[in-house]
Number of protein chains: 2
Amino acid sequence: MSEQGNVIFVGRKSVMNYVLAVLLQFDAGAKKVVLKARGKAISKAVDVAEIVKRRLLENKVEIVECKIDTEDVGEEPNVRKVSTIEIALEAKE
Amino acid sequence: MSEQGNVIFVGRKSVMNYVLAVLLQFDAGAKKVVLKARGKAISKAVDVAEIVKRRLLENKVEIVECKIDTEDVGEEPNVRKVSTIEIALEAKE
């Protein structure tokens, strides 16, 4: 496990798919799990973080960081900018 | 203007509509503008913040806070939970 924690990229699968992935990471002993998403999947990443925090690991996990940024995607000359989000969840001691 | 700064609710209008609203607030002298969104509009709020920061007010505005949460919407017995985001933009001195 890197210092950054385990990263899960949120994309086209269902919300519950990613919720399960987060749970499995914490269950395997991870102290920190980072959700990354871009474009329209940003809303989904927020849903995943909130469901994990409120419904499934209540009082066991907290959101320690929420960072937004911009990335370039595609190849020249079709590069376009897309918004990204990173949400870090950490297991409480 | 409240201490919390001016709040803009991001919903169904186009991204550029909200970008303009943010620019007008800063132009009118606001030191802080807060974008709020819920559900699928969360991705749009992130786009608005990133466009203002990177393309329009480069080096003049920074994202000072990005907070996610859950709200109940609807009336009993049809209450459901929806994710929310708050992004605070602040004018640099």
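To compare the two chains of this predicted model, the copies are superposed by least squares on the C-alpha atoms of residues with pLDDT of at least 70 in both. Done in this way, chain A is brought onto chain B by a rotation of 180° with 0.0 Å of shift along its axis, and the RMSD is 0.0 Å. That relation is the one that defines a two-fold axis. The same surface serves both copies, since 100% of the contact residues of chain A recur in chain B.

Within chain A, 4 strands form an open sheet of mixed pairing, and their order across the sheet is 1-2-4-3. Strand 1 (6-10) and strand 3 (61-73) of chain A are the edge strands, each of which pairs on one side only. On average, and with direction ignored, neighbouring strands of this sheet are turned by 20° against each other.

A:Phe9 stands opposite A:Lys36, which belongs to strand 2 of chain A. Helix 2 (residues 41-56) of chain A packs on the sheet, where it touches strand 1, strand 2, strand 3 and strand 4 (80-91) of chain A, and its direction makes about 5° with that of strand 4 of chain A.

The other chain also reaches these strands: helix 2 (residues 41-56) of chain B lies across strand 3 and strand 4 of chain A, and it runs at about 60° to strand 3 of chain A.

Key:
Residues are numbered from 1 along each chain as its sequence is written. Chains are lettered from A and ligands numbered from 1 in the order in which they are written. This is a predicted model: local features need pLDDT of at least 70, side-chain atom pairs count only at pLDDT 80 or more; totals for chains, interfaces and linings use all residues. Side-chain values use heavy atoms; hydrogens and water are left out. Contact means heavy atoms within 4.5 Å. Two strands pair if DSSP finds at least two bridges between them. Helices (H or I, at least four residues) and strands (E, at least two) are DSSP runs, numbered from the N terminus. Axes are lines fitted to C-alpha atoms, for helices over the stretch in contact, and angles run from 0 to 180 degrees between N-to-C directions.
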